[in-house]
Amino acid sequence: MKNWEELKLNQTFWKPFKIRMEVIKAIREFFWAKNFLEVETPLLVPSLILESTINHFHSELITQNGLKKRMFLTSSPEASLKKLLVAGAGNIFEITKSFRNGEDGTENHNSEFTILEWYEINATYKESMKMCERLIIYISNNLVQQNSKFKIFNFKSNLNKQIQNDKIYYRNKDISLTPPWERISVKDVWEKYTGIPFSDLYDIRRKSYPLEKIIDASRKLGYQANKKNSWEEIFNQIFLNEIEPQLIKDKQPKFLYDYPAPLSALAKIKKSDERFAERFELYIGGMELADCYSELVDFNEQIKRFRREKEVIKKRGGKDFLEDQDYISALKQGLPKSSGVALGVDRLVMLFANSKSLDKVILFPNGET
Amino acid sequence: MTKIAASSFKKGIFIEFRGEPCQITDNTFVNPGKGSAFVRTKLKSIKTGRVVEFTYKSGEMVEEIPVDAREMQYLYLQGDEYFFMDPKNFEQVSLSRELIGDFEKFIKEGEIYQILVHDGQALTMRFPSKVRLIVTEAEDSARGNTVMGAKKYVTVETGARVITPIFIKLGEKIIIDPETSEYAGRES
């Protein structure tokens with residue numbers, strides 16, 4: 001049965017969608033109150049930035065002269081938002097759709113999904129962590145208020161158990177939102193769950209992460225790895241099998257921060273430790289909710305990283321993509337010091353609605369047809 | 001045995017995982033943010049029936065275990081093993097109780113089933129989407145259970161209890177979905 005058919009038969013099925021509306025309303029109120037400018041950027045673009053391995057949706061534009069021009073659906077609003085930062089927009093945010101091909105039909109993925117992305121000028125990832133805490137608590141308190149004031153949900157359900165002040169009930173577990181949330185470095189979480197010293201992965205003399213070292217570590221853990229794989233691929237496989245499944249046990253949101261440099265192409269490298277970049281990911285209820293960088297603003301460094309990324313993509317056999325030259329020229333003019341966060345709104349709604357699957361918080365999920 | 005890439009995994013095929021034969025019960029692509037593709041796979045061990053999850057790199061090569069589907073007759077249950085025989089050559093194989101699982105409610109002696117075999121060893125069976133069984137016990141329609149409306153319980157020849165419409169009589173052959181244990185029609 002399609003969602004809309006089930007909605008017709010079953011009143012309680014509307015609940016997650018009413019929660020969704022309140023979540024998005026609260027996000028807007030939160031950023032408007034802080035004087036962030038809300039902007040709208042295009043979903044249909046003629047060129048891409050990096051990451052051609054995220055399969056994009058392709059389309060075709062028929063120009064005024066009747067010519068055909070290849071277009072793509074964006075996988076994130078990042079490129080346009082950064083151009084606006086260069087244009088002097090100040091603090092900005094956007095709630096928009098993004099598209100990733102080939103990620104359909106799992107509990108946590110839909111080809112078309114809603115993303116919240118914001119940039120704060122003069123902030124670093126540390127300020128963004130605090131902003132995430134404040135935002136999600138604001139949403140939670142707002143839901144509690146709305147529920148008691150207007151009984152908008154109007155269901156005899158255990159909603160009162162589900163959403164309490166500073167607490168979410170998700171997948172049979174109480175998740176406490178009381179700040180400060182736990183912060184753990186990727187190095188520490190790696191050592192905790194693999195037992196391999198992080199220093200085994202790094203060459204201090206050459207100041208790099210040699211492929212051979214991570215191949216060794218990976219084989220020690222029982223994985224297949226060879227020179228044809230990229231560093232990031234080998235690391236991520238270990239992360240997905242050994243570390244991520246452990247995060248679902250957490251009773252509190254968790255920030256994983258200071259990611260190894262090879263995993264953070266556009267993030268600023270830590271001054272105090274060049275092995276790591278100023279990046280964090282926020283995990284709640286075992287799901288990755290948000291990703292954040294202290295943005296890299298040094299243009300020469302950015303170009304170096306782009307070239308390296310292109311090499312990695314080519315090595316993986318990634319498809320050739322049309323590079324966004326406009327983006328490069330904006331960066332050349334100087335991205336202001338800032339921190340950017342991308343947050344999955346659908347997954348956030350799943351948490352507040354205690355839904356096990358994205359299908360239940362998206363009215364017309366792609367997997368339905 | 002040939003090697004296949006994780007990106008070409010399909011549900012139902014058999015592969016070697018950490019030296020053990022396993023059947024893929026689920027597989028999905030995963031892209032951790034801005035990285036390469038991975039294949040999150042659910043693997044059911046043929047030996048223990050336990051399901052584990054493992055995420056492969058999409059280009060990772062694994063040994064595929066080719067299987068033959070053989071039509072074999074179910075003979076009997078002895079201890080914890082179900083015995084099947086190939087009527088062509090009288091060869092016998094067995095499958096464990098864990099593997100048969102809930103289907104044990106509907107398995108019928110003498111029936112032909114598709115057994116998946118590799119190297120003379122039975123790995124599992126292709127569970128039929130429908131089974132046809134005779135009703136051996138049924139309540140009288142007249143005394144129909146008002147709590148269940150126009151439905152009632154019957155027992156079929158394998159001993160399983162199934163909910164059917166009220167008009168089903170003793171001796172009738174009915175069609176059942178073995179996955180859900182639900183009545184799916186009458187054999188005409």
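Visitor: Which residue of strand 8 of chain B stands opposite B:Tyr74?
Guide: B:Phe84 does. A strand here is a DSSP run of E, at least two residues long, and a helix is a run of H or I, at least four long; both are numbered from the N terminus.

Visitor: Where do these residue numbers come from, and what kind of model is this?
Guide: Residues count from 1 along each chain as its sequence is written, while chains are lettered from A and ligands numbered from 1 in the order written. The model is predicted: local features need pLDDT of at least 70, side-chain atom pairs count only at pLDDT 80 or more, and totals for chains, interfaces and linings use all residues.

Visitor: What makes strand 7 and strand 8 of chain B a pair?
Guide: Two strands pair if DSSP finds at least two bridges between them. Strand 7 (residues 68–78) and strand 8 (residues 81–85) of chain B have five bridges, in the antiparallel sense. That meets the cut-off, so they pair. Strand 8 and strand 9 of chain B also share five antiparallel bridges.

Visitor: Which strands are the edges of the sheet in chain B?
Guide: The sheet is open, with five strands in the order 9-8-7-10-11 and antiparallel pairing. Strand 9 (92–96) and strand 11 (121–126) of chain B each pair on one side only, and that makes them the edges.

Visitor: Why is A:Leu256 called buried?
Guide: A residue is buried if 20 or more other C-beta atoms lie within 10 Å of its own, exposed if 12 or fewer, and partly exposed in between, with C-beta atoms placed from the backbone. A:Leu256 has 23, so it is buried. It lies in strand 11 (residues 254–260) of chain A.

Visitor: How do you know whether A:Asp258 and A:Lys207 are buried or exposed?
Guide: A:Asp258 has 24 other C-beta atoms within 10 Å, so it is buried. A:Lys207 has 10, so it counts as exposed. A:Asp258 is in strand 11 of chain A. A:Lys207 lies in the loop between helix 6 (186–194) and helix 7 (211–220) of chain A. For A:Asp258, phi is positive, near 55°. For A:Lys207, phi is positive too, near 55°.

Visitor: What does A:Leu256 touch beyond its sequence neighbours?
Guide: Contact means C-beta atoms, placed from the backbone, within 7 Å. Leaving aside neighbours within four places in sequence, the partners of A:Leu256 include A:Ile184, A:Val186 and A:Phe280.

Visitor: Which residues of helix 3 (residues 78–86) of chain A are buried?
Guide: Among them are A:Ala79, A:Leu81 and A:Leu85. The buried residues pack against strand 5 (92–99), strand 6 (112–121), helix 10 (325–332) and strand 14 (338–344) of chain A.

Visitor: How do helix 3 and helix 10 of chain A pack?
Guide: Their angle is about 35°, and their axes are 9 Å apart. Axes are lines fitted to C-alpha atoms, for helices over the stretch in contact; angles run from 0 to 180 degrees between N-to-C directions.

Visitor: Why is their crossing called left-handed or right-handed?
Guide: It is left-handed if the near helix is turned anticlockwise from the far one by less than a right angle, and right-handed if clockwise. Helix 3 of chain A passes helix 10 of chain A in a left-handed crossing.

Visitor: What is the peptide bond between A:Pro179 and A:Pro180, cis or trans?
Guide: It is cis, with omega about 0°. A:Pro180 is in the loop between strand 9 (173–176) and strand 10 of chain A.

Note on methods: Contact = placed C-beta atoms within 7 Å.
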